Amino acid sequence: MDNVKAIVLRAAGINCDMETEHALQLAGSQVERVHINRVIENPSMLEGCQILVFPGGFSYGDDVAAGKVLANQVVHHLSDILHKFVEDGKLVLGICNGFQVMIKTGIVPGLNGYGKLSLTDQRVTLTDNDCGKFEDRWVYLKPGTDRCVFINPDQQIYLPIAHGEGKIVCDTDQTLETIKKDGYVAFRYVDADGNEGGFPINPNGSQDSIAALTDSTGRAMGLMPHPERFVRWTQHPHWTRLKERQGFADGMTIFTNAVDYVKRNF
Amino acid sequence: MKQWRFEISSKKGFPDIHGGDVLEDIRQLNISSVEDVVSEKVFLIEADFGQDFAERVGRELLADTVCQDWHLGKSSVPAGPMQASLVEVHLKSGVTDPVAESVKSALADMGAQQVSSVRTGRKYVLLGNVSEDELQTIARRILANDCIEDVIYGMDTDPPSPHTQPYQMEVTEIPICDLSDKQLVELSKKMDMFLNLKEMRTIQEEYKKLDREPTDVELETLAQTWSEHCVHKTLKSSVDMDHDGEKVYFDNLIKETVFKATKDLNKDWCISVFEDNAGVVEFDDEHAVCFKVETHNHPSALDPYGGAATGIGGVIRDPMGTGMGAKPVANTDIFCFARPDMKLEDVPKGVLHPRRIMKGVVAGVRDYGNRMGIPTVNGALYFDDRYLANPLVFCGNVGLIPREKCFKNAQAGNLIVVVGGRTGRDGIHGATFSSGEMTHEHEDIFSHAVQIGNAITEKKMLDTLLQTRDANLYESITDCGAGGLSSAVGEMGEQLGVEVDLEKVPLKYDGLSYTEIWISEAQERMVIAVKPENLDAIMEVFDAEDVEATVIGTFTGDKKLTLRYKGTQVGQLDMGFLHEGICKYDRVAKWETKKLSEPVLEPKDNFNDDLLKILGSYNVASKEWVIRQYDHEVQGGSVIKPLMGTENDGPMDAAVIRPKYDHDKGVALSCGMNPCYGDIDPYWMALAGIDEAVRNLVCVGADPERIAILDNYCWGDCTRPETLGALVRASQACYDGAMAFGTPFISGKDSLNNEFVCDDGTRITIPYTLLISAMGIVGDVNQCVTMDAKQPGNLIFAVGLTKNELGGSHYYKVNNELGANVPKMDIETSVEISHRVAKAIQQGIVRSCHDCSEGGLAVALAEMAFAGGLGIEVDLRGLAVSADCIKADMMLFSESNSRYLVEIQPENFDAFAKLMLNLPFGQIGEVIENKKLLIHDAQQKKVIDADLETLKQAWQKPLAW
């Protein structure tokens, strides 16, 4: 199909919705920014779109824990419609706070079955950075799976992070083994040469350097870095040093892949 | 209803980050008895649900069960060999608790019907043989802030009840007509009005004329509206100045200096200056940009976290309340503190340790700014021990506004609607309190002046206000800042007159008197004027996103301020008297040129040590620890970030954002401030500040023809002629500098009486501090330039004359000297240099450009080199110097103004040299592969010979917390 439609979900404290809308538009999608209250009033509005994005921000101030209050709201009001959304083969992307929401609703990694939302059997979470504070810095990301539709499996990319609670932890070593072994790791933090390491290469102390997770379908992904903040070359922190200037922006790969996937499959 | 208590702790095997931080802070206090700290979160929920539901709340909502445990009820002291002490910290009743609000809404999502209150607290278990005294010290210095929090020790006490008593209405008259002068002064003091005798007499006269006594709310309104904070009476007064024996007279100081420059320049791109909540200038054909910088010093001294958070929260509401409302697109933050490694025993009673102040202020700005989704792109930190009791917190915000929305238009018959947060007892008397000097007793007396913010309330309000603005649903808007509703409604209704029904204002809790409602400075509130026919439509937008909005009154047209409470009139003031009735002041100022001399320092052959010391001094050192805690890239407009270069850690001169996704035009932001020069002469300090702010913008590629500037004075007690004299000197420089550079002032603010009286009577006065903030326009952001050295073989030029001007320099500072030769300025040449450098950048021949300022040439070269990961070799024979600038240390460290370091590719030598013709400039060196900074003096001796790694480490170490 040519008319790709995306919904960027707003809520109290969400603040990356406009640049996410812009990135999706650049990738060729029609985009609507919608407040969660409207979706709760009328869940069927999700039927008209193929991509749902939980953007970054501080939903409900990140009170209690990052993304928790919004996750609670989503599970109590939108579980069925979101399950159907994923069942229908549509795409769900969560960026930063959106990833926190997705992991706390269980959409990723979805170890109990894809698209199943729940607040009671969470096995992986995002918690306080090891450094104990919010950090804004650029990181290199190496793909960890070839299943996820949002990523180019051979392309290392460079994006900014900006968060205080981005450390991936699993409840048991066994869970960690499962997400590693079964292709749930979408991106890992690495250095420029592709090697894992300690702070600041891994900026938050995530287990196994995990920066992003997908589900068993590869159609849902949550990532801590912000692809929507690198859609233009002047956003690169070295842009004034680079010889090849125009025409590249690593963040666009995520959005372009999503839009192209919908074009091919719907 | 039952009260459920939940305790949330880290699971075994998962780190307790907050507990670890507390332990580190305890170690900083030199208390060694504490061996470990366990921190827990406490939730107290009064609701009608049962045990099963409560367990669900613990498991599904409050705890992250992957890494946290939850416990219902009060857990006992952990068993084990170590003594355990329990401390619990709860917000005082009436203090805003944002987390509690979110928990309430989450409980509703879970299906809980009746929830009467939610409170949150923090519990600490301190392990080790901690004495009572130590426990008290830890609680007071680290765990809790007496201003806003209660501390509970041990197991047996419960936190105080959250419920307040309802208010019994009583109209209170305050007799003043028959009071003597002495009694008038006493009354002003008793009511914390901070009005002086002349003002009290003016009020007395007015009421004698009216033949009645004022009510309490009338006097409070006058005190708020006439406070130094709100009307800036000192800067508007007439001044008789004795300048080295010569008389100078100003009828209105600010009108004849700062404002006059703007008027005389008369730039057609200025849209609204000194009129609205922020100054507005043109951006492009569709949009304008506005800029405001405020201080929030006094509250930050008492509660660094809350004070700074509400500082940024407040200044964001200024562009939101400018014209018909702007969209905030960037924040700036400049802080002044005492040295963070000061000894604990040197900190006077009633003052928080500078390290705690700094950590709290940074965290407050971080948490509020980041939550608002506004990038914090520019800032500065300045350290001087005279800021010990009066830390300075400058917060700025830039907004983008459609050209046709730049002016307000309230009309009689419009409804007054208050939007956003509810009103509570927070921030009462903030405006008057911040106008006076502080003493060691302020902590107790003015705790109610401290405000706590809730960024999400403000973000929700912003989201809906922009929608209603674009739908043309309101006629005017302003923010509730200092003075609360009294100032906001009072100012908005100045031309028309208003009637307000105070009982309609939504409250956080019962018990507020009508006066408290009227003057509360509770955060996150805006006031708008709405036509009755638009009311339903506008309310629908607010309701749709859970934003509270309430009609509280009407614009009348009778030019009176009428206040009612439940139908009874409780106050009425004539708008004319309220806004114009304040008496004018005549002040005396004195300035005597200081008799200072230049020190004689030991001659030496190599200055590596001095350079390392300067790089490692707090003022020059890397601010990365602060910068990374701020989101500087949200909104996706980042072009020049605060830190760039090969390793993303080089200090950029100014920030550039691209505020519209479909245009390459940019906004550049910078600042300039040099309190050290003020110790020699505030005139040259102020000029240097303007030059530095302009220079920083030019370095990144801003157009020097389109720079607007802001002034923020922080001064001491200006009733002392010498202190006012210094302010006059600085103001004269503001006029001269703005005229020369063609940079109008578009907004400004002052904060006076930044003084502190210690319990032993010692007075601490801050240094004269003038912050110049600058905003420039970048025609095409693709042409921007950064300061990091780019390529070996490129040539380094120094543009501008290096003079024998080490007075007030960092070089003298690290050698414990002040000196006399403060950097002066040949204004005409300075302006010409800025234009020519800008031209070279526009022509695309500049590979990097760096402002030469604090620490002089050597520091600027070192920064360029390590930011680019490339060495620089310099021969000082190429440096353009004045005749008396003959020694190597002068050339290396002089802080002469108007100097730029520029990197040029060899093939552009001719083009660049041609552009610089007839200016003082010279090629001083080149970029080299070898990672070293090598500087040879005129005799070809190596005066600097240092590895980049060593230089960078020295620069990064002091604040790498």
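Modeller: A salt bridge here is a side-chain nitrogen of Lys or Arg within 4 Å of a carboxyl oxygen of Asp or Glu. Keep in mind that this is a predicted model.

Colleague: Fine. Which residue of chain A does E545(B) form a salt bridge with?

Modeller: The partner of E545(B) is R10(A), and their closest N and O atoms are 2.7 Å apart.

Colleague: How many salt bridges are there between chain A and chain B?

Modeller: Five salt bridges are counted between chain A and chain B. There are also 35 residue pairs in polar contact between the two chains, with both residues at pLDDT 80 or more.

Colleague: Which helix of chain A gives the largest share of the side that touches chain B?

Modeller: Helix 3 of chain A does, with six residues. Other elements that each supply at least two residues include helix 1 (17-26), helix 2 (36-41) and strand 6 (135-143) of chain A.

Colleague: And what kinds of residues make up that side of chain A?

Modeller: The side of chain A that touches chain B has 21 nonpolar, 21 polar and 20 charged residues.

Colleague: How many residues are in contact overall?

Modeller: 62 residues of chain A are in contact with 68 residues of chain B.

Colleague: What area do chain A and chain B bury between them?

Modeller: About 5200 Å², with 50% of it on carbon and sulfur atoms. In chain A, V64(A), D136(A) and R241(A) lose the most area to chain B, together 14% of what that side buries.

Colleague: New topic. How is chain B divided?

Modeller: Chain B has domain 1 (2-153) and domain 2 (598-622 + 785-961). The centres of these domains of chain B, taken over C-alpha atoms, are 52 Å apart.

Key: Residues are numbered from 1 along each chain as its sequence is written. Chains are lettered from A and ligands numbered from 1 in the order in which they are written. This is a predicted model: local features need pLDDT of at least 70, side-chain atom pairs count only at pLDDT 80 or more; totals for chains, interfaces and linings use all residues. Side-chain values use heavy atoms; hydrogens and water are left out. Contact means heavy atoms within 4.5 Å. Buried area is the accessible area (1.4 Å probe) that two parts lose on being put together, summed over both. A polar contact is a pair of N or O atoms within 3.5 Å; within protein, one must be able to donate a hydrogen and the other to accept it, and residues adjacent in sequence count only if both atoms are side-chain atoms. Helices (H or I, at least four residues) and strands (E, at least two) are DSSP runs, numbered from the N terminus. Ala, Val, Leu, Ile, Met, Phe, Trp, Tyr, Cys and Pro count as nonpolar, Asp, Glu, Lys and Arg as charged, and the others, Gly among them, as polar. Domain bounds come from an automatic or database domain assignment.
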